[in-house]
Amino acid sequence: MTALPRGESPGPSATDDDGVVADATAPSPAEEAAAGTAEATGGATDDGTDDEAADDGETAAATGATDTEGTDEASAGPDPADATGEGPDGDAAAGSAGSAEGDTPAAPVLSEAEVELAAQRELLERIEKRKAEKDGPIPAGTKLSGPAADLLAAVRAVESGEKPGAAFFDSPAPAVPRRTVPAPPPVRERAPESVRAPQGAAPEAVAAVAAVLAAGGAPESLAAPAAGTLGAQAADTLREDPWQLLSLPGVGPDQADGFARALLGDGCGPDDERRTAALVGWLLERAALQGHTALDAAEVRAALAGRSVTDPDAAVQHAVAEGVVLVFQDGPEDEETEEPAEAPDAGADAGEGEETGDGREPVQVFLGLDRYALAEESLADGLARLVNACEKDADWSQAAASAPSPSAAELIRTAAAHGLVAHTGGEAARAEPAALIAAASGLGLRALGATHSVDGRQRLAEAVGDPSAAVTLAGLLSGAEGPGRDEEGAVAVDLLVVLDAPQVDVETGAMLVEALADGTRLVLSGDPGVLGSAGAGRVFADVLAARACPQIVSRTPDPGPIGELVSGIGIGELNHVAAPGKEVVIVPVRDAGEAVHRTVQLVADSVPRAIGVPSSDTQVITVGHGGSAGTRALNEALKQRLNPGPGRFGGFDPGDRIAHVPAPGRTMPGVVVSADAEGLHLDCAGTPVVVPQERVEASVRHAWALSAHQAAGMRWPAVVVVLPGDAAQGLSRPWVYTAFGRGERHLSVVHGVDQALPRAVAQSPAQDRTTRLRTLLEASGG
């Protein structure tokens, strides 16, 4: 690997070409340096939420994608200001509580977030129903279908004497009707999407909660969120168990302890069972924000000890007994399972890596929240069902022979013979799933591709040549996009290709497989080197690790200097690449102020002039939201240069580049069009969106600069990656791989981290998420 000292880069330095960047040695204007340091929060490292939630005490659930990288121990105990709820989400929640519904009898329009919550509830009901069916007796033959069911009926008819055995011989086989491609629906002009604000709790419930909060010395701004989270009896709940305050976003153990002492006086202590149970749940919720679906019981006990719990073992056992968390064991299959209350003790020695007395592998005990446990189990069962229910003898050889590349042909042949297929590759490899969709459609199958972002949907539709063949995954699951559901409630497709598979979290994956009928083929396609999903789980990585299905590795390399650079990063090498067309340019900087100045210069002047990419098609990507060169500071400086204005519409002006976050984990770039009494009008990739005034502060951000997690699944003609000196701790190989790979024609790197960049690339990425899906898939034999 070629190490890169300061000033040396994978591409030509900006100081070597005055046609790309102005003189790098020129001092930065004081005004722009000051603008770059505005709103500094003391660190550029991404702090655990992709939508700036943790930086301002905003809630991840209300504002958008949660960063799963870079959450440090400092965020485990939020500042007292975090508990005030004075961030945007606190205001938004309070405002939504006061909004009154009209008297018109029209049915309310559900927001995407509400649709996803309803889908999650339906998923849990299906899981419970399926488990109940599994536990009950199964009448003989009731689970058979197709030829197996016909054969059973014939055997019973012969045995009963109803028909002679000869009646079943020499019978012509019924003709199999060939499916025809349905006519595409007429293209309809899209009406503006209205983002409905979530309905707040009843005013009397909020008032009762506010009284309890006041008695405990907690800010009144938490009343509306508490009533919405804890329900109509929130006041009584908090009075009986003050540590339920921990269930509110932005509230830490210190704030909950102070609230409990104010209400209970000497009647509470660090070992109060209500406190320890709430702490266990809080630890698991925080772990989920970092991507974990479960935690080792030893880690939980250690964290409890750090919170002054004198008997962590008893605390964990009580939490399990109360149903706050579930307990799981990974060990020899023939080992007897202990009672749930005793399971944490079994993991005490296993956490230290000691073997059992007979030399077998130690039993490892995990704790998890029921929502993620049920989702992982449902996902594992659903994937196994798709593997086993697919028609195995389909002949797609002719379609494979017409494929545009050998890798595409291999993917087509494999998908013909298997119900579940994993496909890996870079950006250029996305042409192979597109070829598969086109081939399946030509065979008369209902084929569809689903992407993580609107940008990905547009690129896939262009590659397939059919706009109706591409949807976003969120739109497909909510019913807003795609062919809809059949009479049994399943998505009406024969083949579904999910691109950007690393961005699929475990709950989304569970909803997806539950929505697919038996016999549907599912292809998971993506680049395993990019950052993972915003939600909990690592679905694609677990499917690959468990070898639950055939895996097709694309042999199509990413073209050009950017593709060569990114491919090297994927294997841990930061190489020098030749960039004769200035495809890759490095801009060395000394400090954060200069980084902001050079970034504005690149976006506003150098890239449009030297590369020919306008500012509107150039995206800035940085490590975090805070700090003197984070997204906030960069967006402020870029707005002053590119679209100055007073921000009269909640801080926004027409023409501002924004990111709309309709639900956690989803980022939709767009532009502000106007504002009126209905709310803020946006244009998100050609789709008009109206955000109510009370939701603007919580779900809309300026987006000239984004974090790498927000940019995942999207690409731009030109990208400027900003690496200020205080961003070194937030760098990793997946982060660099994701950020550098977002540019199609040009990549500029504002470089101020010295040797931290090659070190981050060289360090092999570790499994940073604890999940159970791989174990479940291996046990199912999928």
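Mentor: Leaving aside neighbours within four places in sequence, A592 is in contact (heavy atoms within 4.5 Å) with S628 and A629. This is a predicted model, in which local features need pLDDT of at least 70, side-chain atom pairs count only at pLDDT 80 or more, and totals for chains, interfaces and linings use all residues. Residues are numbered from 1 along each chain as its sequence is written, and side-chain values use heavy atoms, without hydrogens and water.

Trainee: Is A592 buried or exposed?

Mentor: A592 is buried, because its relative accessible area is 14% (buried means under 20%, exposed over 50%, partly exposed in between, with a 1.4 Å probe and protein chains only).

Trainee: Changing topic, which residues have the most contacts inside the largest nonpolar core?

Mentor: They are V300, L304, L496 and L522, in a core of 68 residues. A nonpolar core is a set of buried Ala, Val, Leu, Ile, Met, Phe, Trp, Tyr and Cys residues joined through side-chain atoms within 4.5 Å.

Trainee: What does L304 touch?

Mentor: Not counting residues up to four places away in sequence, L304 touches T276, L279, V280, L283, V309, P312, A315 and V316. Another core, of 37 residues, lies apart from the largest one and includes W735.

Trainee: Where does the charged end of R772 sit?

Mentor: It sits over the ring of F328, 3.7 Å from the ring centre (the criterion is NZ of Lys or CZ of Arg within 6 Å of the centre and within 35 degrees of the ring normal).
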